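I opened this notebook to record what I looked up in one structure. The entries go from whole chains to single residues.

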Amino acid sequence: MRRETQNILLVLLGGALLKLALTGTYLRYVKESLQPWLVVTGATMVVLAVVAIVRDLRGGQEHHGGHEHGSSRSPWMLILPVFAVFLISPPALGADTVNRSDRNAAQEANASNGFAALPSDEVVPLSIGEFVTRTAWDDSGSLNDRTVKLTGFVVRKDGDVFVARLTISCCAADASPVKAKMVGQDFAALPTDQWVEATGRVVPGSATKDTAFVPTFTVSQVVPIATPEDTYEG
Amino acid sequence: MLLVLALVLQDWLVGVLNVPVLRTASTVFVAVCVQALPFLVLGVLISGAIAAFIPASALRRALPKKTALAVPVAGVAGVALPGCECASVPVSRRLMQQGVPPAVALTFLLAAPAVNPIVLVSTAVAFPNAPMMVPARFVGALLTAVVMGWLWTRFGKSEWIAERALRRLPDNDGTSRWVVFAETARHDLVDAGGFLVLGGVFAAAFNVLVPQAWLETLGGQVVLAIVVLSLLAVVLALCSEADAFVAASMSALPLLPRLVFLVVGPAVDVKLIALQAGAFGKSFAARFAPATFVVAIASALAAGAVFL
């Protein structure tokens, strides 16, 4: 591959990273904390390519021994992420990923740390991860008879309807699902992957080994909402 | 021209990718690339800095003369590179080009991604109920790296390594050090970047093709669990800073197979094999990766026997 082509690819790839980082779309793929690193990385790539381009323009035909590539074609692969980011812009993971696994990632998470008291508000907003952890591991039954609000997307499997989120610890490749089974209403009108706020109460003792620690959630009200910017739970 | 074609094809592409499996795979692919590129850039910048500012003679003086002694030194030196495996491939290739014996550079390659403080802290955070996981992982990974270094000293042949990986840079030929720095970093980035993307393609494919349900059926069968988790570590190609959280979420399994997962992953995975084939040649990767796989499992079991 020619040196000029390599430099153009580097500029495009650096530009793709900058685009992701500056428009906020990076949140579909990685955690928020990576943003400054993406900016630095994208900028570094562009600078390295521009320095090489400027030197080539100034230096004319002067070449560096030991830097020639011969027949190496591997740099062409760099075009794939560029295309993926600019043309396809893949969405955040959703129902398809949740249905690839039966595990419910929140189990055991903070089991040994004890549970803080819930706020005394009438409706308590909870992350699905905490909701699952509390129903599965909090023996004091702190959620029983409490009305909670969960935010997540709709997932269907084997005739059941779930409200789910994915948790990531580094990037979308390590995503693990957390979910609760919704009952008490007709959810047929909600398309799969639709984001909702579901208000209701847990069925006490429903998250056991037999249900793979997926709690049952009796929903009194479910409202479709717009997809949030960061779809993952931390 | 290429871009015009791409724009014309965009609608068609987006349509094809509207299948859930492909959509998931493309998201995972971009995620792997986006997550790994900062570390790869860190690695090529270090590699450029070594080429430009550290004379080969200084490196040789810093290491013990006997390779057998230099190998463990290189393993412990891995603590100082706070990144994941993508950063360590260009750095160790640069070390080889600066005249560091291959066995020593390869030990550094294997140790750096697994024994640095960031990885150890994230392991501790992921396993709050099993603090011994941290020393077990540290020892298992270090043992893997050192044993592989010694094996290479004893059995390795330098002709397995592609000639381009061993070619010395010409000593200071009058070009400014900053030019050497920028040129080396750019060259390594273009070179390794392509292979990283290739590894990302494989990781994304396996991510959607390997049925996660395997894990739930393993239960108490420890031997089977060790085999399956070591293979999973290879095909999933998780970043060494994230794999502890994935291992922690497999709570149906005993700790030992999960330790194997954590020791094998940073040493051998599809992304790393692609990077190694790019940096050191196919005939190197075809020998080094399987040997590392076996040594890593054995080291993890040994460390597990002591600590868990």
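The entries below describe a predicted model.

**Entry 1: chain A as a whole.** I began with the secondary structure of chain A, which has five helices and six strands. Read from the N terminus, its elements follow the order α-α-α-α-β-α-β-β-β-β-β. I then looked up burial, and 41% of the 234 residues of chain A count as buried. I also looked up how far apart in sequence the contacting residues lie. Of the contacts in chain A between residues at least 6 apart in sequence, 71% link residues at least 24 apart.

**Entry 2: the domains of chain A.** The domain assignment divides chain A into domain 1 (3–87) and domain 2 (95–233). How many residues of each domain are in contact with the other domain? I found six residues of domain 1 in contact with six residues of domain 2. On the domain 1 side of this contact, three residues are nonpolar, one is polar and two are charged.

**Entry 3: chain B as a whole.** I turned to chain B and found 16 helices and zero strands. Its radius of gyration is 20 Å, close to the 19 Å that the globule rule gives for 308 residues, so chain B is as compact as a globular protein of that length. Along the principal axes, the C-alpha atoms of chain B fill a box of roughly 60 × 60 × 35 Å. Of the 308 residues in chain B, 58% are buried. When I took the contacts in chain B between residues at least 6 apart in sequence, 86% of them joined residues at least 24 apart.

**Entry 4: where the two chains meet.**

Entry 5: Domain 1 (3–87) and domain 2 (95–233) of chain A each provide at least three residues of the core.

I then followed Cys171(A) to its partners. Beyond its neighbours within four places in sequence, Cys171(A) is in contact with Tyr29(A) and Val30(A) in chain A. Its partners in chain B are Ala31(B), Val32(B), Val34(B), Gln35(B), Cys239(B) and Ala242(B).

**Entry 6: helix α12 of chain B.** I checked the length of helix α12 (residues 222–236) of chain B. At 1.5 Å a residue, its 15 residues should span 21 Å, and its end C-alpha atoms are 20 Å apart, which agrees. Its buried residues include Ala225(B), Ile226(B), Val228(B) and Leu229(B). Ala237(B) follows α12(B) and has a positive phi, near 50 degrees.

**Entry 7: helix α15 of chain B.** Is helix α15 (residues 270–280) of chain B largely enclosed or largely open? I found that 11 of its 11 residues are buried, so α15(B) is largely enclosed by the rest of the structure. Lys271(B) and Gln276(B) are among these buried residues. The cover over them includes α5 (85–97), α9 (163–166), α10 (177–209), α12 and α16 (282–307) of chain B. Just after α15(B), Gly281(B) has a positive phi of about 100 degrees.

**Entry 8: two prolines of chain B.** I located Pro55(B) in the loop between α2 and α3 (56–62) of chain B. Pro55(B) is partly exposed, because 13 other C-beta atoms lie within 10 Å. Pro55(B) and Gly99(B) are 44 residues apart in sequence, and their C-alpha atoms are 10.0 Å apart.

Pro135(B) lies in helix α8 (residues 133–155) of chain B. With 15 other C-beta atoms within 10 Å, Pro135(B) is partly exposed. Pro135(B) and Gly304(B) are separated by 169 residues in sequence and by 9.6 Å in space, C-alpha to C-alpha.

Key
Residues numbered from 1 in each chain as written. Chains lettered and ligands numbered in written order. Predicted model: local features only at pLDDT ≥ 70, side-chain atom pairs only at ≥ 80, totals over all residues. Domains from an automatic or database assignment. Contact = placed C-beta atoms within 7 Å. Nonpolar A, V, L, I, M, F, W, Y, C, P; charged D, E, K, R; others polar. Helix = DSSP H or I, 4+ residues; strand = E, 2+ residues; numbered from the N terminus. Rg over C-alpha atoms; globule rule 2.2 N^0.38 Å. Buried ≥ 20, exposed ≤ 12 C-beta atoms within 10 Å, placed from the backbone. Expected span 1.5 Å × (residues − 1).
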